[in-house]
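Here are my notes on this model, as numbered points. Please read them with the structure open.

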Amino acid sequence: MSTSYSFEFQQYGKLTIVHSVNACNLPQARHDIVVDIYERLPVPFGLVRFGVAPDHPEVKNVINTFTQTAHSERFYFHGNVNVGMDISVEELKEAYHAVVLSYGAEGNRSLAVSGEDLIGVFSARDFVGWYNGHPSNKELHPDLNCETVVILGQGNVALDIARVLLSPLDMLKKTDITQRALQTLAASRVRRVLMVGRRGPLQIAGTIKEVREMINLPGTKADLLPVDYDGIAEALNDLPRPRKRLTDKQAMGIRFLRSPVKVLPGADGKRVAGIRLAVKKLEGSGEGAQAIPTGHTEDLECGMVICSIGYKSLPIDPAVPFDPRRAIVQNNLGRVQGTAGLYCSGWLKRGPTGVIATTMNDSFDTARIILNDLEAGTLDMSIHKPGAQDITALLKARGVREVSFSEWEKINSEEVRRGEALGKPREKLLDVEEMLAVAWS
Amino acid sequence: MAVRACAGLLRSSSGFCSLNQTFRFQLNIRTFSTQPVCHSRSSSQSKVLLHFVNQNGMKTSVTGTEGESLLDVVVKKNVQIDGFGACEGTLSCSTCHLIFEDSMYDRMETMADDEMDMLDLAYGLTKTSRLGCQVTLQPWMDGMTVRVPQEVKDQRDVQETKSKQ
């Protein structure tokens, strides 16, 4: 999801800002500023649209704030533009006073175990993208014809996936989950989801609200092993007690101190049938606790493995210094190292963790840094910069047509219209070609 | 989630956002509150004077109405706080995090689990922190000072980059 925002001074030129909330701040702060956003897809909002779980619609309310900003006279959305392919960062820097990259983290941390390529092994990002209607994942076709799914990872993404797999259909069918996913889930035979993590209960990455939702999910009992909690009873005062519901036919479980060694194939050698886990023990405590091997392993039978072990940013342009070890753009407080007028924000700047509020606050920080540089003269406003005019001309010459914010709103209306017929807030368009056809109709 | 939805109350007000005068629908969910929800148009409700202190120490004084939440006040009176109320009062974020004086905090009703879960994720959390969308104005809050939290992570970032150089 490539999103870059351009920020323009009417007298001087343009700045590119990458985060929509960032842009919220700048047009208000200075009236001689114009913001241009460049986004690869025809639709805006990134992970708020494609990452937030369908049963968390309130979290998506922030879209209203984004939309308000987008309606500002000095803000322009340029969808369907792939920065790094259709246009280079250098070309943007020539046309604008400042360019801000905040295209997030599109890649996945690799499991690096044998069997990772078997059919039935998915990255969390692809699985979430599938039920959230991301065009890149529409042909995923996960086979839910198995009884047990193992999710590696215990963060909020893992919890979301587990919850979607086991939620009663009555609840899901009123959300903006795609029809395709709904139909697959309706035919699902999955009855048990196990979330496997390297360390112990005190190191779990998921937050309390999501853990609560898991334990309270109708029709599903929580499958937690008492031995996992030996010696840390005091620390568990805040966690709700799992309620045993004998009539619950489904189970959502957590397994601690296990790390994947190998994904095991079935008889045909092509499809996943199980996973071999190394048993760990914890050394140290709190955030710094380390999981060390004990030498023992155990095998779990399962028909699907979903890797939810973290995202990773990818470099999109060789002109931008990238730190491959931390998988972020090299920067100091958002100022990209070694080059003036280039900034980064959000996950690309700090790494791919945190909720919307975290990234939003980070955007405001980036905006403040830019404003500081403007006032200090570090950004030279005396040079005239042509901005979107030049970029649009270049794109046109290359056969690229943009999608404006009002054209996105046509896509939006169409999705809402289709959703109404199905009793859902929207039915997302899955196909970029279809989005463009609606946008330019 | 179905649990929250059944306790919801849908309200609409005009002129919520002074940026471009758009109509804004706000979903106000109070799952465990025993405080009555009052319509702000009632003239018999008391006015409550509030002082908001932002991160730079600047003070803004506004008047709210008994029964409104602090989120309502910030929006209606256009108090300038970055990104305040992103989830529009549905207990899905922590952007309306505010810090209260001890004496005020102690008189407030205890927090429900839902609010605590979200507040846990807020920056600059203190012992007298609450989410503004869950605090309803009462007459005894007249003259109350409310602080916008500092962003602790700024300092951590500075430390991080310094140690890497």
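1. Start with a helix pair. Helix 13 of chain A and helix 14 of chain A cross in a right-handed sense. The model is a predicted one, so every value below is computed from predicted coordinates. The two axes lie 8 Å apart, and helix 13 of chain A packs on helix 14 of chain A at an angle of about 110°. Angles of 65 to 115 degrees count as roughly perpendicular, and helix 13 of chain A and helix 14 of chain A are therefore roughly perpendicular to each other.

2. Which residues make this contact? From helix 13 of chain A come A:Glu407, A:Lys410, A:Ile411, A:Glu414 and A:Arg418. Helix 14 of chain A contributes A:Glu434, A:Met435, A:Val438 and A:Ala439.

3. Next, look at A:Glu415. Its side chain meets that of A:Arg49 in a salt bridge, at 2.7 Å from N to O. This pair links distant parts of the chain: A:Glu415 sits in helix 13 (residues 405–422) of chain A, A:Arg49 in helix 2 (residues 47–50) of chain A, and they are 366 residues apart. Are these two residues buried or exposed? Both A:Glu415 and A:Arg49 are buried.

4. A:Arg426 lies in the loop between helix 13 and helix 14 (432–439) of chain A, 11 residues apart from A:Glu415 in helix 13 of chain A. A:Arg426 is buried, as is A:Glu415.

5. Other salt bridges deserve a look. The structure holds 27 of them over all chains. One joins the side chains of A:Asp170 and A:Lys173, at 3.1 Å from N to O. A:Lys173 counts as partly exposed because its relative accessibility is 41%. Salt bridges also link A:Asp55, A:Asp160, A:Arg163 and A:Glu213 in a network.

6. Helix 5 (residues 124–131) of chain A and helix 6 (residues 156–166) of chain A have axes that come within 11 Å and cross at roughly 45°. That makes helix 5 of chain A oblique to helix 6 of chain A. The crossing is left-handed.

7. Check the residues at this second contact. Helix 5 of chain A supplies A:Ala124, A:Phe127, A:Val128 and A:Tyr131. Helix 6 of chain A supplies A:Val157, A:Asp160, A:Ile161, A:Val164 and A:Leu165. One of these, A:Asp160, also belongs to the salt-bridge network with A:Asp55, A:Arg163 and A:Glu213.

8. Helix 12 is next. Which residues of helix 12 (residues 388–397) of chain A are buried? They are A:Ala388, A:Ile391 and A:Leu395. Seen down the axis of helix 12 of chain A, these buried residues fall within an arc of 65°, so they line one face of the helix. An α-helix has 3.6 residues a turn, so residues three or four places apart point the same way. On the other side of helix 12 of chain A, A:Gln389, A:Lys396 and A:Ala397 are exposed. A:Gly399 follows helix 12 of chain A and has a positive phi, near 80°.

9. Last, the whole chain. Chain A contains 14 helices and 21 strands. Of its 441 residues, 58% are buried. Among contacts in chain A with a separation of 6 or more, 73% are between residues 24 or more positions apart.

How values were computed
Residues numbered from 1 in each chain as written. Chains lettered and ligands numbered in written order. Predicted model: local features only at pLDDT ≥ 70, side-chain atom pairs only at ≥ 80, totals over all residues. Heavy atoms only, no water. Buried < 20%, exposed > 50% of the residue type's maximum accessible area, 1.4 Å probe, protein only. Helix = DSSP H or I, 4+ residues; strand = E, 2+ residues; numbered from the N terminus. Arc of directions from axis to C-beta. Salt bridge = Lys/Arg side-chain N within 4 Å of Asp/Glu carboxyl O. Axes fitted to C-alpha atoms, helices over the stretch in contact; angles between N-to-C directions. Parallel < 35°, antiparallel > 145°, perpendicular 65-115°, else oblique. Left-handed = near helix turned anticlockwise from the far one by under 90°. Contact = heavy atoms within 4.5 Å.
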